[in-house]
Amino acid sequence: AEVVAAAQRELSRFASIAGNKPSFALVETAGGVASPGPCGRLQCDILRPLRLPGLLVGDGRLGGISATVTAMESLLMRGYDTDLVVVPEVEGLGNAAAVKEAIAA
């Protein structure tokens with residue numbers, strides 16, 4: 001509850017400063033979508049009441065395809081609207097293309 005309240009306060013403050021100007025805010029978390037927050041609950045569950053759209057930063061390293069697809073599925077199962085998935089290309093592994101194919105399936 002504390003994390004959600006703090007995020008709501010900061011987003012409201014940001015919105016009042018931005019006024020009518022086109023703008024966007026990012027709420028960044030540490031770890032993966034299923035990492036525990038301060039209270040022990042998963043971050044994806046803690047932040048869900050805010051109904052924020054998602055931007056998932058995937059993993060371009062070995063094992064990253066599974067981690068990224070699993071994270072995306074966790075978000076989808078919880079009703080997140082995840083409009084963008086970014087996967088950095090690392091050492092030519094091709095994770096970005098593989099994730100794109102897996103998510104489209």
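This is a short chat about a predicted model of a protein chain.

Reader: What does the secondary structure of the protein chain come to, and what pattern does it follow along the sequence?
Author: The secondary structure of this predicted chain comes to 4 helices and 2 strands, and read along the sequence the pattern is α-α-β-α-β-α.

Reader: What does the C-alpha trace span, and how many of the residues count as buried?
Author: Along its principal axes the C-alpha trace spans about 45 × 35 × 25 Å, and of the 105 residues in the protein chain, 28% count as buried.

Reader: How many disulfides does a search of the whole structure find?
Author: The search finds 0 disulfides.

Reader: Changing topic, where is Ala96 found, and which residues does Ala96 touch?
Author: Ala96 is found in helix α4, which covers residues 95-104, and, leaving aside residues up to four places away in sequence, Ala96 touches Val87 and Glu89. Ala96 counts as partly exposed, at 28% relative accessibility.

Reader: What separates the C-alpha atoms of Ala96 and Gly58?
Author: Those C-alpha atoms are separated by 8.4 Å, with the two residues 38 residues apart along the chain.

Notes. Residues numbered from 1 in each chain as written. Predicted model: local features only at pLDDT ≥ 70, side-chain atom pairs only at ≥ 80, totals over all residues. Heavy atoms only, no water. Buried < 20%, exposed > 50% of the residue type's maximum accessible area, 1.4 Å probe, protein only. Contact = heavy atoms within 4.5 Å. Disulfide = S-S within 2.5 Å.
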